[in-house]
Amino acid sequence: MTVQSMAWGGLHFSPREFACKCDDCKAKFVSMGGLDPNFEVGVLRLAVELEKLRRHLAVALTINSGLRCAAHNKAVGGASMSMHLKGIAADLSARGETGESVRGRVETLIKQRVMKDGGIGTYPDRPAILQ
């Protein structure tokens, strides 16, 4: 177990939630719930920031997509330079919230220096998802 793995204990998230969703990665990295350990530090930093958002919203966040291998990123139509390829991006939704409302809260938390600014976006065709 890595030091980073032990740090997950204080979060409402697990490495599995951020792992690549493709079957190859799930099988290859089974001991980490499908999460490639080479990306664990970056994913953990992202999870820490999202934990701040979760606590502020007081609702569970669903990680729809986190780290993606190149093959899976291509299969889902991801950008060739997607931050998902580095494990530093997540598409998420919050129960009862639109992507725009969550985005507004993230922007407020960034202005208040509660969260780090890492770039945020919404999908016009999926209004409940925040990237």
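Helices (H or I, at least four residues) and strands (E, at least two) are DSSP runs, numbered from the N terminus. The model shown is predicted, so that local features need pLDDT of at least 70 and side-chain atom pairs count only at pLDDT 80 or more, while totals for chains, interfaces and linings use all residues. Residues are numbered from 1 along each chain as its sequence is written, and side-chain values use heavy atoms, with hydrogens and water left out.

**View 1. H72 in helix α5.** H72 belongs to helix α5, which covers residues 70–75. Burial is judged by relative accessible area: buried means under 20%, exposed over 50%, and partly exposed in between, with a 1.4 Å probe and protein chains only. With a relative accessible area of 17%, H72 is buried. Contact means heavy atoms within 4.5 Å. When neighbours within four places in sequence are left aside, H72 is in contact with C20, K21 and C22.

**View 2. The largest nonpolar core.** A nonpolar core is a set of buried Ala, Val, Leu, Ile, Met, Phe, Trp, Tyr and Cys residues joined through side-chain atoms within 4.5 Å. The largest such core has 25 residues, of which W8, F13, F18, L50, L53 and L61 touch the most other members. Two or more residues of this core come from each of α4, β1, β2 (91–94) and α6. Helix α4 gives the largest share, 7 residues. Apart from its neighbours within four places in sequence, F18 is in contact with W8, F13, L35, V43, L46, A47, L50, I63, G66, L67 and A90.

View 3. Rolling a probe the size of a water molecule over the atoms shows where empty space is left. On a 1 Å grid over the protein atoms alone, a pocket is an open set of points where a 1.4 Å probe fits, with protein on both sides within 12 Å along at least five of seven lines; lining residues have an atom within 4 Å of a point. Grid points are joined across faces, edges and corners, and a volume is the space filled by probe spheres set on the points. The largest pocket holds about 530 Å³ of space. Its lining has 23 residues, and L46, E49, I88, G118 and G119 lie nearest the centre of the pocket. Both α4 (40–57) and α6 (99–111) supply at least two residues of this lining, and the largest share, 7 residues, comes from α4. For the classes, Ala, Val, Leu, Ile, Met, Phe, Trp, Tyr, Cys and Pro count as nonpolar, Asp, Glu, Lys and Arg as charged, and the others, Gly among them, as polar. On that basis the lining of the largest pocket comprises 14 nonpolar, 5 polar and 4 charged residues.

**View 4. The second largest pocket.** About 230 Å³ of space lies in this second largest pocket. Of the 15 residues that line the second largest pocket, R68, V76, D91, Y123 and R126 lie nearest its centre. Strands β1 (61–65) and β4 are the elements that give two or more residues to this lining. The classes in the lining of the second largest pocket are 4 nonpolar, 8 polar and 3 charged residues.

**View 5. Salt bridges.** Side chains of opposite charge can pair when their charged atoms come close. A salt bridge is a side-chain nitrogen of Lys or Arg within 4 Å of a carboxyl oxygen of Asp or Glu, and by this rule the count comes to 5. E49 is buried at 11% relative accessibility, whereas K52 is partly exposed at 29%. E51 forms a salt bridge with R55, with the closest N and O atoms 2.7 Å apart. E51 is buried at 3% relative accessibility, and R55 is exposed at 53%. A salt bridge also joins E97 to R105, with 3.6 Å between the closest N and O atoms.

View 6. Most residues other than glycine have a negative phi, and most peptide bonds are trans. A58, in the loop between α4 and β1, has a positive phi of about 60° although it is not a glycine. R113, in the loop between α6 and β3, also has a positive phi of about 60°. A58 is exposed, with a relative accessible area of 65%, and R113 is exposed at 77% relative accessibility.
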